[in-house]
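Q: Please go through this structure term by term, and show for each label which cut-off it rests on.

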Amino acid sequence: MTLIIFILFKVLIYKTIVSRPILHLVPFFFLFIYSGFSFSQTASVDSLKSLLPGKSAQEEVILLNQIATSIRESSQKEALDYSHKADSLAKMLGDLSGQSRALENIGWVYYRQGQWQKSFEYSERAYDLAMQANDQLQAARLMNNMGALYYEQQNFQLAILQFKKGYELATKVNDLATRIRSLNNVALNLVQSNQLDSAMAYARLSIKLNENAGSPYLTSFANRVIGDVYLAKGNYDSAQAIYVRALDMAQTQGVKSFEAGVLHRLGNAYLMAGKLDQAEKLLRYSIDLCGENGFLDELSKSHRYLSQVYEARGNIQEAFFHQSQYLVLNDSLLNKSNRDRLALLQNMFEKNLEESELELLKAQNENQAYRLETSRRYTIFFAITAFLVGILGLRLFFLNKNVRSINADLIAQQQKIEEQNLALENQSGQLLEMNETKNKLFSILGHDLRGPISQVKSVVDLLLAGHLTKEEFTELLLLLNKDIDSVNFTLNNTLKWSMSQMDGFQVNPSTFDLREVVDNSLNLLQASFNEKKLTIFNQMESKVEIFADQDLIEVVVRNILNNAVKFSNDGDAVTIYSDTDDHWAYWCVLDQGVGMNDEQIKILLTDSYSLTKSKPGTKNEKGSGLGLQLAKEFTRKCGGEITIDSHPGHGTKFCVKLPRTESALQAQAVKCEKVFKT
């Protein structure tokens, strides 16, 4: 009774600080929490610990795993200790299911700590043990864990397949909690894939099944997913009602990590609804909570939304401060996430490589054994033929025929082995190329982003220390804005490039007006044109319809125009014009800038991917080197091509050829396929 009064008192105090909350988008932080969590966890764990003395070894394995599962969200170090004890004891007893459960807990703790490579290794071993023991319930749990790792790769389709397999296995063994957990995870990934209606259906099915299970956490998780769907659709009232329900359940359980994830969503929801006072109060509380508990991802989002609140109020100084805090935290988290994701991908690749090598060795051993067995048979045969001279000729004829057949099979197997070796060498080369590209990208980004960000930080530090007047800060603000625009352009290009390198990247062509895309890009770059006093002659047709992916073409147009501005001198002119025929549109940009030589043009237009250091502009403008590479790659993905005509000191002309109809796009795809086969 005392515990219940304390929880209710805590909830009442919180509700006097902030108003009723709602949520925002779904992060991975709360993904796949075990369904047995509740506010009475401590008492349950103490009860389990009290049962350990005097138990048999088999019973001790079960209790150790139960304790580790109960505390792996709240006390990870202690959970690791109990799990390692359970693993050692289960291995000694030959208890495959108990060992699998222990390794699952270890893998989950590493997943929570962001050590995805270790999590993958332990989860894979646990799954193998569960399959050996024919423990389908344990396999179902591990399907959810493996799905979590695919989620971290942002491979949502493969993650959904893992969770659906987990649901099927849990259904076979009639484990309701794991079924509900799997449904919640499917709904979560569907939201990330923007399949909102399907996500709503899975979340509601989870709530319906949970009516009998009665797990408050699973219900609050499903409600949060439903709230995310409403919020994504702009239905703020419904989202608020659902989020309030989910948050009340989370606070009752006393899970600070869940509360932290809810708070920044609430602040953003209030911001979107125009409730700035409530948003400010809630987000400040969130920053304090996240800072105390080290929830960096939630802390960065809280700074971001609070910056937007102050921006809406016109308080630029506070907005700038919180935006800077967000950028620092987000950059740190993003770098760590990219490093961990790359390590996980490399580990999975090495695992597949090891399996291929084992298959190759197995095939070679089988061939050798077959040869030895054949030789033994030949020896016996020739010993017998000494006594059967009369039929030697006939026997040799059939023997020769049999040998030719065997040799043909051996040659075919040898060719297959050589093909496998070649495939392995190609995969190794691709991995080396990926690592080289990654190293180049990190080097370029580190160089191009460190300077502007350091400059912004220095100005902010001087302002906070009182060494700058308001007038001096206003003068510096224009320079800072230019640096921030450069950083923003570099980050946008990097994000587009990263997405294009992921498996499952899709091109979605449609008919749209290229003139409208160009006009929008010119508006975005107007400040750059004005700074260099450039004259823009837009001689395009009033409407130029093309059939391509509009998002990709916007990146192409923006990068080519930005390149023209970057390498133009003060007072130059930039001419834009277009031409069309029945099937193709031709869009060209002509500048009077520094120009390029033939070698530079050849590097830019090469079929292979080439990431090089970007040259500074006429006013030392910086870049990541990704812009023109993205333009080239995205143009080709849309069925078009880029041509460049330039001479040093005499300007550059970029021309982009794009299909106007679906038939033209398909014809270009067939042509490329024939060239590839040739």
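A: Helices (H or I, at least four residues) and strands (E, at least two) are DSSP runs, numbered from the N terminus. This is a predicted model, in which local features need pLDDT of at least 70 and side-chain atom pairs count only at pLDDT 80 or more, while totals for chains, interfaces and linings use all residues. Residues are numbered from 1 along each chain as its sequence is written, and side-chain values use heavy atoms, with hydrogens and water left out.

Q: Where is N174 found, and why is N174 called exposed?
A: N174 is found in the loop between α8 (156–172) and α9 (176–192). Buried means under 20% relative accessible area, exposed over 50%, and partly exposed in between, with a 1.4 Å probe and protein chains only. N174 has a relative accessible area of 60%, and is therefore exposed.

Q: What makes the phi of N174 worth a remark?
A: Most residues other than glycine have a negative phi. N174 is not a glycine, yet has a positive phi of about 60 degrees. K533 is likewise not a glycine and has a positive phi, of about 55 degrees; K533 is found in the loop between α20 (526–531) and β2 (535–539), and counts as exposed because its relative accessibility is 65%.

Q: Why do the side chains of E104 and R72 count as a salt bridge?
A: A salt bridge is a side-chain nitrogen of Lys or Arg within 4 Å of a carboxyl oxygen of Asp or Glu. For E104 and R72 the distance from N to O is 3.8 Å, so the pair meets that definition. E104 lies in helix α5 (residues 96–112) and R72 in the loop between α3 (57–71) and α4 (76–93), so the pair ties together parts that are 32 residues apart in sequence. E104 is buried, and R72 is buried as well. A search of the whole structure finds 11 salt bridges.

Q: How do you know that K77 and D81 are separated by about one helical turn, and which accessibility class does each belong to?
A: K77 and D81 are 4 residues apart in helix α4, which means a separation of about one helical turn. Their side chains meet in a salt bridge at 3.9 Å, N to O. K77 counts as exposed because its relative accessibility is 63%, whereas D81, at 38%, counts as partly exposed.

Q: What makes R313 and D277 a link between separate parts of the sequence?
A: The side chains of R313 and D277 meet in a salt bridge at 2.3 Å, N to O. R313 lies in helix α15 (residues 296–313) and D277 in helix α14 (residues 276–293), so the pair ties together parts that are 36 residues apart in sequence. With a relative accessible area of 36%, R313 is partly exposed, while D277, with 56%, is exposed. D277, E280, R284 and R313 are linked in a network of salt bridges.

Q: Why is the aromatic pair of F397 and F398 called edge-to-face?
A: Rings of Phe, Tyr and Trp (its six-membered ring) pair if their centres lie within 6.5 Å; planes under 30 degrees apart count as stacked, over 60 as edge-to-face and the rest as tilted. A search of the whole structure finds 4 aromatic pairs. F397 and F398 form an aromatic pair with 5.4 Å centre to centre and 75 degrees between the planes, and the pair is edge-to-face. F397, at 52% relative accessibility, counts as exposed, and F398, at 45%, as partly exposed.

Q: How do you know that the charged end of K85 sits over the ring of Y82?
A: A charge sits over a ring if NZ of Lys or CZ of Arg is within 6 Å of the ring centre and within 35 degrees of the ring normal. The charged end of K85 is 5.7 Å from the centre of the Y82 ring. K657 lies over the face of W584, at 4.4 Å from the ring centre.

Q: What makes the contact between the side chains of N145 and R181 a polar contact, and is N145 buried or exposed?
A: A polar contact is a pair of N or O atoms within 3.5 Å; within protein, one must be able to donate a hydrogen and the other to accept it, and residues adjacent in sequence count only if both atoms are side-chain atoms. The side chains of N145 and R181 make such a contact at 3.1 Å. N145, in helix α7 (residues 136–152), has a relative accessible area of 3% and is therefore buried.
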